[in-house]
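Subject: Structure handover

Hello,

Here is the structure I promised you. Please open it alongside this note.

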Amino acid sequence: MTEWYQNAIFYEIHPRAFCDSNGDGAGDLPGLIEKLDYLKELGVDCVWLLPIYPSPRRDDGYDIADYFSIHPEYGTLEDFRRLVTEAHRRGLRIIADLVLNHVSDQHPWFQAARADRHSPYREYFVWSDTAERYAEARVIFLDTERSNWSWDEQAGQYYWHRFYASQPDLNFDNPKVQQAMLEVMDFWLKLGIDGFRADAVPYLFEREGTNCENLPETHAYLKKIRRWMDEHYPGRILLAEANQWPQETRAYFGDGDEFHMAFHFPVMPRLFKALCEGRRTALEWILARTPEIPEACQWCTFLRNHDELTLEMVTEEERQWMWAEYAPQPRMRLNLGIRRRLAPLLNGDTRKILLANALLFSLPGAPILYYGDEIGMGDDLTLPDRNGVRTPMQWQAGPTAGFSAARPEQLYAQPIDTPDFPLARCNVAAQRADPQSLFNRLRALIAVRKRLTDLHGHEPVRWLTDSDERLAAFWRGQLLAVHNLADAQLSLRLPPGDWQDAISGVQVRDVLTIPPFGFFWLLRL
């Protein structure tokens, strides 16, 4: 039996960026409730919410100051209860970010820990008299951090952090920390959410002589979480953010007793590589190195999200090539990645954007869409860090893009209106009215994908290896998916019989002609 999440279309929302209901210039939970019918119209099944907790926002909410409340800009716990109720009434599910690894340095736990060596919260964090411990652990945010240790003058010691210095890591060797995280999960699950996207899970424990990633202790604790969740909240899910090679990520499924789902990070850059090279080689390579997973588990696949397009899981040569092709300007790069949205990456070419999504929807995995990518939104590279891909959702034309009733200068960030990505075109209202718009064509593609059971579960890919390398042509069950990666018309000799494209309804036999950047999902009649 296929579980609901194995075939779900996920939709990632930055609550600050989606819809402002009260005119203060920032999105909020009541605004999101107003737009639930839009999500239902698009055809998504599950909404993934970026952090909604109180936070100083040094890392846009991933630096949590209170796990048990809502950032006042977003609303109240009652607003959140209403959001869950209204989503469920429409058949939509909600998952929330669970940030296990670290907190904000403004969290009361850390404030108590730094103030008093004898505080019980001192042991909630990892301290050292030297910055030489765990020397084999890499620094993840190379652009901003020189070390995983920072000196705290008040505490008189160094504290450990795998991300920004304003985000001290929690000490999971402390049973009280482990219990505290279960209490956090219990609080939100009682409010009715359908699960968690668990942030940065490879880094929970530290051990000398290792790179402090993917340790056995980490997996043991994650299995404990899963057992607890299955016992108390069956049917809810855990999605792992583990930016690792497929074999290492496979461990986070366990024997079906750890995570239900995990992001397949290395597929994503190779989708872009295949599109740029105009051949399928990169995709064949990574899928051949993707192990089987337990029957009730699923990969999560994506084109873009709220972070940079990470290039950690490629070779240095591939990284330099990707930067040259997709981020030729230094301001387009961040850490080991690219800070651009989907449409700018593909030069606003609707054919390529649809082709990329067709590949995403037809390869194994449950796809995730990033808000605004369905209307081809641009990005703002003048904003720092990842903020350029976290600008307001564009609902209609006008100075505030229908996002807010506030004055334009009051918005937390400005809508995108450039010659390449004009607001008059890149908004929901305009695209709803145009049958050939990106929005309407993507909505139709989602509907077809949901109808085709061959694309559900994790039916493996079987490549047509004797086809032109410029074609990503493969079987999923009885369905033959054909994608033209080239800016040229190509043809494919079909197996004997009559075929019909599940997307357009066109019937064909013998030879299929595929236009530049075109695609077909064929079923035998």
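Below is what was found in it.

First, the ground rules. This is a predicted model, so local features need pLDDT of at least 70 and side-chain atom pairs count only at pLDDT 80 or more, while totals for chains, interfaces and linings use all residues. Residues are numbered from 1 along each chain as its sequence is written, and side-chain values use heavy atoms, with hydrogens and water left out.

Overall fold

The chain holds 15 helices and 20 strands. Both are DSSP runs numbered from the N terminus: helices (H or I) have at least four residues, strands (E) at least two. The radius of gyration is 23 Å, close to the 24 Å of the globule rule for 525 residues, so the chain is as compact as a globular protein of that length. That radius is taken over C-alpha atoms, and the rule is 2.2 Å times the number of residues to the power 0.38. The C-alpha trace spans about 80 × 55 × 45 Å along its principal axes.

Of the 525 residues, 63% count as buried. Buried means under 20% relative accessible area, exposed over 50%, and partly exposed in between (1.4 Å probe, protein chains only). Take the contacts with a separation of 6 or more: 66% of them join residues 24 or more positions apart. A contact means heavy atoms within 4.5 Å.

Surface and charge

The accessible surface is about 19,700 Å², and carbon and sulfur atoms make up 48% of that. Areas come from the Shrake-Rupley method with a 1.4 Å probe; for residues, only the protein chains shown count as cover. There are 57 positive and 75 negative side chains. Their two centres lie 4 Å apart. Lys and Arg count as positive, Asp and Glu as negative; His and chain ends are not counted. Each charge is placed at NZ of Lys, CZ of Arg, CG of Asp or CD of Glu.

Cysteines

The structure has 0 disulfides, a disulfide being a pair of cysteine sulfur atoms within 2.5 Å. For Cys297, the nearest cysteine sulfur is that of Cys300, 12 Å away. For Cys300, it is that of Cys46, at 8.8 Å. Cys297 is buried at 2% relative accessible area. Cys300 is buried too, at 0%.

Arg58

Arg58 sits in the loop between strand E2 (46-49) and helix H4 (77-89). Arg58 is exposed, with 58% relative accessible area. Beyond its neighbours within four places in sequence, Arg58 contacts Asp63 and Ser166. Asp194 is 136 residues from Arg58 in sequence and 28 Å away, C-alpha to C-alpha.

Best wishes
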